[in-house]
Amino acid sequence: MFTKLTIAEGEISTQRENEENIQTVIAMHRRIKKLQAVQKQKYFSISEFFTMSKLFMLASEQYGGDAAEKYVSMKKLSQALNVSPAMVTKSVNALEKRECVRRASDSSDRRGVNVCLTQKGLELWKEEYNIRGEFIKNAFARFGKDKTRQLHSLTEELLELMEQEAENSKNTDTTKG
């Protein structure tokens, strides 16, 4: 059984604005996907690249200096990327097949698994980082510093509001059931 949706006169403009917002988000998503396909990806998919970037950052923070052969827990990596452990495992599996990362059991936690960049992985990641970094640097340089700051600020604010709204929706759904 379907519930009939009725919209009052005054709500039509709100409905149109909401529809425009949805279309904007969809258009942004499509254009970003298209850019990812066009952007030079020499060695890694976008998820593999982000996994390696975060692994590099975490290892550098944890150990200082060179990040090759410095192990980080998969759990910590998953949390830092803000993705599920399964998503990290998928990326790490692909990277491990190409000998870009290495896994090892955590000696202090029998269930834990640690991962590190290999020297080969670090070299390939740095090369791709430079290619991708140049692309992004050039685009933001043309956009301008002021607009870039505004974009960062507004994007962060919008994402926080969307996360709050998602949390509110989740809480509302659990109270109904």
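Is Phe 50 buried, partly exposed or exposed? I looked this up in a predicted model. Phe 50 has a relative accessible area of 46%, so I noted it as partly exposed.

**Entry: the ring beside it**

I then searched the whole structure for aromatic pairs and found 5. One of them joins Phe 49 and Phe 50, with ring centres 6.2 Å apart. Their planes stand at 55 degrees, so I logged the pair as tilted. Phe 49 is buried, at 6% relative accessible area.

**Entry: a pair in H5**

Next I checked Trp 125 and Tyr 129. Their ring centres lie 5.0 Å apart. The planes are at 35 degrees, so this pair is tilted too. Both residues sit in helix H5 (residues 119-143), 4 residues apart, which means about one helical turn separates them. Trp 125 is buried, with a relative accessible area of 4%. Tyr 129 is partly exposed, at 44%.

I asked which residues make up the aromatic cluster. Phe 49, Phe 50, Phe 56, Trp 125 and Tyr 129 form it.

**Entry: H2 against H3**

Phe 50 also took me to the packing of two helices. Helix H2 (residues 46-63) packs on helix H3 (residues 74-81) at about 115 degrees, and the axes are 10 Å apart. That angle makes the two helices roughly perpendicular. Their crossing is right-handed. From H2, the contact uses Phe 50, Thr 51, Lys 54, Leu 55, Leu 58 and Gln 62. H3 supplies Lys 76, Leu 77, Ala 80 and Leu 81. I sorted this contact by class: 6 nonpolar, 2 polar and 2 charged residues.

How values were computed
Residues are numbered from 1 along each chain as its sequence is written. This is a predicted model: local features need pLDDT of at least 70, side-chain atom pairs count only at pLDDT 80 or more; totals for chains, interfaces and linings use all residues. Side-chain values use heavy atoms; hydrogens and water are left out. Axes are lines fitted to C-alpha atoms, for helices over the stretch in contact, and angles run from 0 to 180 degrees between N-to-C directions. Angles under 35 degrees count as roughly parallel, over 145 as roughly antiparallel, 65 to 115 as roughly perpendicular and the rest as oblique. A crossing is left-handed if the near helix is turned anticlockwise from the far one by less than a right angle, and right-handed if clockwise. Contact means heavy atoms within 4.5 Å. Ala, Val, Leu, Ile, Met, Phe, Trp, Tyr, Cys and Pro count as nonpolar, Asp, Glu, Lys and Arg as charged, and the others, Gly among them, as polar. Rings of Phe, Tyr and Trp (its six-membered ring) pair if their centres lie within 6.5 Å; planes under 30 degrees apart count as stacked, over 60 as edge-to-face and the rest as tilted. Buried means under 20% relative accessible area, exposed over 50%, partly exposed in between (1.4 Å probe, protein chains only).
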